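These are my notebook entries on a structure that I had not examined before. I set down what I looked up, topic by topic.

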Amino acid sequence: MYQRKLKERKTEPATEDKKSKTVFLLVPAALILILIFFFLIFNFNFNKDEKSDQTITAPNVPVTKETLSKDIDSVLFTFGISKDWIRDASKKDKTPGADALWFSKEVKIPADILNIDLNYELTNYFRSRGMSNRVSEDPKTKNLLFGIYTGNDTARKLTASVKFIYTDSLKRIAADVCLILDSLEYYPLNDVRYILSSAEAYSVFLPLRNDKADYQSAITEAGKDYLTEFTTGSEKDITADFRADMNETSWKAKVKSVPVNFPGVSGIILKSGNASQEFENSVIEEFTKNNLKVFRDTIFTKFKSSENIISSLFENIISNSKSGKKFLAYQVSLSPSDFKEFEKKVYQLKKFGYEFVNFKEMMKRQNVIK
């Protein structure tokens, strides 16, 4: 009994020794893992910061007089500013140190160009080239003077200047544009709600089918400008909304129901079928009696879908405006992805001087409706 206890006592230190050795081995291993973890975190943050610095650091390419002058002109051209409105003002500039400047420009601009937009675009360009600028505004004329500087903050050097002079007589080649979206009812309702929540100005065709009541509600609740479309036809046109063989009381009652069911409608688009001119005139007259404005479907261009519909649409808008058209209306079907692309790119045209409005506003500007 005594010998057994003695043996057990002899073995206890050995067990403690093993535990001590195990703990001794685990501690350095844990420290190593912790050090590796902090090293990886530090290295990740360092690389991340390094990449961020590379993003905001201007390219290490020297800016020449010619490059700076051409780049400024390129920015101005995106605002629809004509080359003829830009001139060299070096000889005219009598400010101290003007002789040492690379150049001094004088730019005439139309009254509808906002100085905040010019300031934003040019300032971003100067920063991208490692330069800075100082802007002063004449409180009376609102004309702007851009002083362009090179060098660091402690040793900035005035390198060039650009003066913007607002001129009422100048007009950019642009137009008022109205997009009327159709076929919204063929896309998921959630996607349609996203389109309707957009701050962009446009109009939509209201679906009139009874099974599309949820789309009608979404459009009216969003407060979007909307139109309704009806067709006239002969007795053979079974899909026409108003047929010549219909009972007069019936089709007149249908007309009267429109302002009741759709009180906010901006206008009625009437598509001509095979109905006689006399019958069409009767339908138009009845709509007019009910305080509804009727427009032929020829009032807008039906723009067909294509693979690059937004680019094609913008090209068409620019082409038509260059030909002298000041009011452009398009019936167009845009998918949710097409509409998102439109939102991203429409600023390009707005900056150029194009203004997007809804159908009601377009008609007001043309003095068609009050």
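Entry 1: I note at the outset that the model is predicted. I began with an open sheet of five strands, and I read its order as β1-β2-β5-β4-β3, with mixed pairing. I then looked up the edges: β1 (86-88) and β3 (132-137) hold these positions, each pairing on one side only. From one strand to the next, I found that the twist averages 20°.

I recall that strands of a sheet pair through backbone hydrogen bonds, in either the parallel or the antiparallel sense. For β3 and strand β4 (residues 144-150), I found the antiparallel sense, over six bridges. Which residue of β4 is the bridge partner of V135? I found F146 in that place.

I next asked what helix α2 (residues 65-77) touches in the sheet. This helix packs on the sheet with contacts to β1, β2 (103-109), β4 and β5 (157-166). I also recorded that the direction of α2 makes about 10° with that of β2.

**Entry 2: helix α4.** In α4 (residues 189-196), I listed L189, V192, I195 and L196 as buried. Seen down the axis of α4, these buried residues fall within an arc of 110°, so they line one face of the helix. I looked up what they pack against and found β6 (176-181), α5 (213-221) and α9 (336-352).

**Entry 3: helix α5.** I turned to α5 and found Y215, Q216, A218 and I219 to be its buried residues. Their arc around the axis is only 160°, which puts them on the same side of α5. I noted that the cover over these buried residues includes α4, β7 (203-205) and β8 (225-233). After α5 comes G223, and I recorded its phi as positive, near 75°.

**Entry 4: salt bridges.** How many salt bridges does the count come to? I recorded 14.

E106, at 9%, counts as buried.

I then took up E280 and R296, which form a salt bridge with their closest N and O atoms 2.6 Å apart. This pair links distant parts of the chain, 16 residues apart: E280 is in helix α7 (residues 277-289) and R296 in strand β11 (residues 294-296). E280 is buried, with a relative accessible area of 4%. R296, at 29% relative accessibility, counts as partly exposed.

My last pair was E355 and R365, a salt bridge with the closest N and O atoms 3.0 Å apart. E355 belongs to strand β14 (residues 355-356) and R365 to helix α10 (residues 359-365), so the pair ties together parts that are ten residues apart in sequence. E355 counts as partly exposed at 37% relative accessibility, and R365 counts as partly exposed at 30%. I also found E355 and R365 in a network of salt bridges, where they are linked with D176 and E361.

Technical notes: Residues are numbered from 1 along each chain as its sequence is written. This is a predicted model: local features need pLDDT of at least 70, side-chain atom pairs count only at pLDDT 80 or more; totals for chains, interfaces and linings use all residues. Side-chain values use heavy atoms; hydrogens and water are left out. Two strands pair if DSSP finds at least two bridges between them. Helices (H or I, at least four residues) and strands (E, at least two) are DSSP runs, numbered from the N terminus. Axes are lines fitted to C-alpha atoms, for helices over the stretch in contact, and angles run from 0 to 180 degrees between N-to-C directions. Contact means heavy atoms within 4.5 Å. Buried means under 20% relative accessible area, exposed over 50%, partly exposed in between (1.4 Å probe, protein chains only). The arc is that of the directions from the helix axis to the C-beta atoms. A salt bridge is a side-chain nitrogen of Lys or Arg within 4 Å of a carboxyl oxygen of Asp or Glu.
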